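The tour goes from one selection to the next.

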Amino acid sequence: MPVLFCAVVFFATSLSAWAEEIICNKCGRAIYGTYYKFGNKIVCPNDLPRCVVCGRTCTQYYTRNDGKIVCKKDAVAIAPVCSCCHNPILVGKYMHLRDNLYSCIKCEKAGLPRCFLCNLPISSGGLVFSDGRRLCAFHSATAVNDQKSAQVYFRKAKSLINQYISPSININDVVVTIYIVDQNVLAQKMRSGEEQDPSLKLTCGKTLEYHVGGKKIYRIYILQGLPSEDFLTTMIHECGHVWQLSHKVRRLGLRQQEGFCEWLSYKINKQLRRQTQISLLENKNDSIYHAGLQEYLALEKQKGKKEVLRSALGY
């Protein structure tokens with residue numbers, strides 16, 4: 001929790017004609033008339049501190065972390081605004097959350113419900129899901145919750161993979177259905193996988209292969225309530241799994257399977273310059289997703305993208 005400002009207030013006092021001589025603690029001159037006092041310090045009107053932004057003298061000001069003085073007006077203008085109570089955070093500690101959201105210490109300690117995505121305290125607004133999760137108003141604005149929107153992002157994910165990675169990652173000839181599910185259903189689908197690892201709790205999607213009428217079909221299950229950028233990142237990842245499954249990739253370990261799909265999402269988000277998504281992918285710090293991503297980034301650096309695609313199919 002960083003601290004942005006410390007507040008300082010000077011109080012004005014006037015000398016009476018019979019008062020003893022007052023000396024300015026800054027310039028050392030005698031004061032005749034009004035002077036300003038803060039704690040044990042006394043200054044004359046000429047030596048009041050000046051705002052580093054506007055240059056005006058201040059009787060009330062804030063000190064930045066770098067020691068610079070800022071008047072109240074400019075402090076309000078540059079201060080972060082709490083995304084929960086919507087007040088500027090002028091003094092005290094605060095939390096800097098993803099997507100440049102902030103929460104003040106008062107809201108942090110208020111015992112409010114939290115956004116499942118960014119951990120912002122929620123005083124009002126947003127979405128509530130059947131599994132009990134809450135989504136803040138900011139992230140609710142772009143949340144993907146319906147089948148039609150999911151199909152749009154599926155087509156977009158395939159197009160981006162074709163554009164930025166390789167046309168050889170082609171899943172146009174396979175049958176894929178998208179399902180938007182709550183956390184309970186997703187957890188059930190996660191247990192349907194052949195391999196399990198504690199780090200799988202980091203995922204927001206699951207792809208499964210089914211055999212229907214002698215044909216293979218693929219179902220992508222994605223967590224309800226993901227904002228658009230998170231949804232697209234997850235969809236790109238799951239498209240990677242569809243491609244691997246359609247090529248009968250079974251002999252790769254879990255880290256290699258997940259690592260390649262993380263690499264797909266990472267490379268495309270790099271192209272799209274989506275820093276929040278890049279940071280989320282870089283900072284998972286687990287033995288499956290993060291470790292797998294690092295392996296494929298190292299392989300790409302050493303042998304190129306073609307070798308990454310070969311390795312992703314177990315060749």
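What follows is a walk through a helix contact and then several salt bridges.

This is a predicted model, in which local features need pLDDT of at least 70, side-chain atom pairs count only at pLDDT 80 or more, and totals for chains, interfaces and linings use all residues. Residues are numbered from 1 along each chain as its sequence is written, and side-chain values use heavy atoms, with hydrogens and water left out.

**Stop 1: two helices**

Select residues 147-164, helix H4, and residues 228-246, helix H6. Helices (H or I, at least four residues) are DSSP runs, numbered from the N terminus. The axes of H4 and H6 come within 9 Å and cross at roughly 60°. Here axes are lines fitted to C-alpha atoms over the stretch in contact, and angles run from 0 to 180 degrees between N-to-C directions. H4 is therefore oblique to H6; oblique is what remains when angles under 35 degrees count as roughly parallel, over 145 as roughly antiparallel and 65 to 115 as roughly perpendicular.

Now show the side chains in the contact (heavy atoms within 4.5 Å). On H4, pick Ala150, Tyr153, Phe154, Lys156, Ala157, Lys158, Leu160 and Ile161. On H6, pick Ser228, Phe231, Leu232, Met235, Ile236 and Cys239. These contact residues of H4 and H6 divide into 11 nonpolar, one polar and two charged. Ala, Val, Leu, Ile, Met, Phe, Trp, Tyr, Cys and Pro count as nonpolar, Asp, Glu, Lys and Arg as charged, and the others, Gly among them, as polar.

**Stop 2: salt bridges**

How many salt bridges does the structure hold? There are 10, each being a side-chain nitrogen of Lys or Arg within 4 Å of a carboxyl oxygen of Asp or Glu.

Select Asp66 and Arg64, whose side chains meet in a salt bridge at 2.7 Å, N to O. Asp66 is partly exposed at 47% relative accessible area, and Arg64 is partly exposed at 27%. Buried means under 20%, exposed over 50%, and partly exposed in between (1.4 Å probe, protein chains only).

Next take Glu108 and Arg114, with closest N and O atoms 3.2 Å apart. Glu108 is buried at 16%, whereas Arg114 is partly exposed at 28%.

Then select Arg274 and Glu229, a salt bridge of 3.6 Å, N to O. Arg274 lies in the loop between helix H7 (254-272) and helix H8 (275-282), and Glu229 in helix H6, 45 residues apart. Arg274 is buried at 19%; Glu229 is partly exposed at 29%.

Finish with Arg98, Asp99 and Asp230, which are linked in a network of salt bridges.
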